[in-house]
Amino acid sequence: MSLSTAITTWGNTHFALGNNGRSRFSSHGFLLPNLKIKFYTNNPSPLSISALLTTKQQTDESKNKKKQAMEFNEYVLEKANSVNKALESSVLIKDPVKIHESMRYSLLAGGKRIRPMLCIASCELVGGDESTAMPAACAVEMIHTMSLIHDDLPCMDNDDLRRGKPTNHKIYGEDVAVLAGDALLALAFEHIATQTKGVPSHRIVRVIGELAKCIGAERLVAGQVVDIISEGISDVDLKHLEFIHLHKTAALLEGSVVLGAILGGADAEEVEKLRKFARCIGLLFQVVDDILDVTKSSQQLGKTAGKDLVADKVTYPKLIGIDKSRDFAEELNKEAQAQLAGFDQEKAAPLIALANYIAYREN
């Protein structure tokens with residue numbers, strides 16, 4: 001039965017219209033004046049009730065997605081503003097002026113602030129709050145900035161552009177850039193130790209140990225070293241490439257999430273689930289980065305595009321092609337979000353949205 005036929009049948013049964021267009025049926029003893037109903041049955045619509053309901057459902061889903069996107073955008077802006085304010089006050093201009101200017105130049109140069117957001121979101125997920133996580137959130141951004149300053153040096157990637165601006169050593173020289181990175185690394189641990197409030201001391205010690213492990217010779221530094229010595233090697237396989245990215249990129253993302261979870265009071269099982277989530281999105285981040293490096297321009301990325309190709313570095317597109325790289329990214333995103341299934345989904349929403357952002361980002 002078509003929708004128009006169904007409505008016509010219902011109308012003919014329930015409304016007997018007089019010549020004056022009024023219903024002969026009354027409501028509470030009163031006539032319903034000027035009730036004019038028209039049904040078009042000459043050309044019945046092919047739209048069935050189920051199709052109409054499906055269309056409505058799709059419309060509702062679309063509205064819901066738009067609402068979620070707006071809420072996520074608001075969340076990102078709110079958290080980014082909070083993080084930027086905290087970072088601004090964490091490194092003040094003092095003597096020696098040049099080193100502090102250099103630190104601030106890269107630390108406050110913008111960026112997505114994904115790592116601080118992950119730290120805060122994981123803390124909030126397990127019952128903590130933003131203020132509890134903020135010192136650690138700033139610390140992971142300081143360390144991330146340090147890694148970028150050092151990564152851009154002529155002895156590493158020799159890059160001239162970062163976040164749409166000249167790299168640190170192009171402005172302050174290689175010597176000061178190295179020292180600015182060193183200073184940010186030291187400040188990160190000092191900041192956690194001195195600025196974290198309302199958290200038991202054993203948790204703070206655990207957080208410091210976790211962060212140190214994430215960036216040391218067995219994790220972030222290990223990934224960087226293997227990445228360097230792998231340049232120009234033709235027989236690098238997927239296992240080798242995964243080692244590089246799980247250590248060089250995923251390690252600090254993992255640390256960001258785990259630090260927030262520990263500070264928020266997560267139990268051992270929750271920490272491990274969030275650790276797995278973080279490893280997945282960490283690898284996902286690098287897979288997407290590899291794809292963007294060969295599909296976007298320097299202007300779109302805010303950094304030098306195609307540099308991996310020039311340096312003859314092994315990447316996912318180089319090993320398995322762009323299409324399979326995108327498929328792999330999709331699998332990683334699904335696996336990451338599966339780790340959040342046991343948590344309160346409303347509280348997990350920012351982490352889910354951040355995972356999707358990492359998967360579908362354009363720069």
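Tutor: A charge is said to sit over a ring if NZ of Lys or CZ of Arg is within 6 Å of the ring centre and within 35 degrees of the ring normal. In this predicted model, the ring of F285 has the charged end of R115 over it, 5.4 Å from the ring centre. The charged end of R361 also sits over the ring of F285, at 3.9 Å from its centre.

Rings may also pair with one another. Such a pair is described by the distance of the centres and the angle of the planes. The whole structure contains two aromatic pairs. In one of them, Y105 and Y172, the centres are 5.7 Å apart and the planes meet at 70°, so the arrangement is edge-to-face. Y105 belongs to helix α3 (residues 97–107) and Y172 to helix α6 (residues 168–172), so this pair ties together parts that are 67 residues apart in sequence. Y172 is buried because its relative accessible area is 16%. The pair of Y316 and F328 is tilted, with 5.5 Å from centre to centre and 40° between the planes. Here Y316 lies in helix α15 (residues 316–320) and F328 in helix α16 (residues 322–338), so the parts tied together are twelve residues apart in sequence. With 1% relative accessibility, Y316 is buried.

The charged side chains come next. Side chains of opposite charge can pair when their charged atoms come close. A search of the whole structure finds 15 salt bridges. One of them joins E130 to K79, whose closest N and O atoms are 2.8 Å apart. This bridge links distant parts of the chain, since E130 is in helix α5 and K79 in helix α2 (residues 49–90), 51 residues apart. K79 is buried, at a relative accessible area of 4%.

Helix α6, which holds Y172, also contains K170. K170 forms a salt bridge with D160, the closest N and O atoms being 3.6 Å apart. D160 lies in the loop between α5 and β3 (161–162), ten residues from K170. Both partners are partly exposed, K170 with a relative accessible area of 48% and D160 at 41%.

Within helix α12 (residues 268–295), K273 and E269 are four residues apart, about one turn of the helix. An α-helix has 3.6 residues a turn, so residues three or four places apart point the same way. K273 and E269 form a salt bridge whose closest N and O atoms are 3.7 Å apart. K273 is partly exposed at 28% relative accessibility, whereas E269 is exposed at 54%. Salt bridges also join E210, R219, E254, E272, R275 and R279 into a network.

As for the setting of these side chains, the protein has 17 helices and four strands. Of its 363 residues, 45% are buried. Among contacts with a separation of 6 or more, 70% are between residues 24 or more positions apart.

Key. Residues numbered from 1 in each chain as written. Predicted model: local features only at pLDDT ≥ 70, side-chain atom pairs only at ≥ 80, totals over all residues. Heavy atoms only, no water. Phe/Tyr/Trp six-rings, centres within 6.5 Å; stacked < 30°, edge-to-face > 60°. Helix = DSSP H or I, 4+ residues; strand = E, 2+ residues; numbered from the N terminus. Buried < 20%, exposed > 50% of the residue type's maximum accessible area, 1.4 Å probe, protein only. Contact = heavy atoms within 4.5 Å. Salt bridge = Lys/Arg side-chain N within 4 Å of Asp/Glu carboxyl O.
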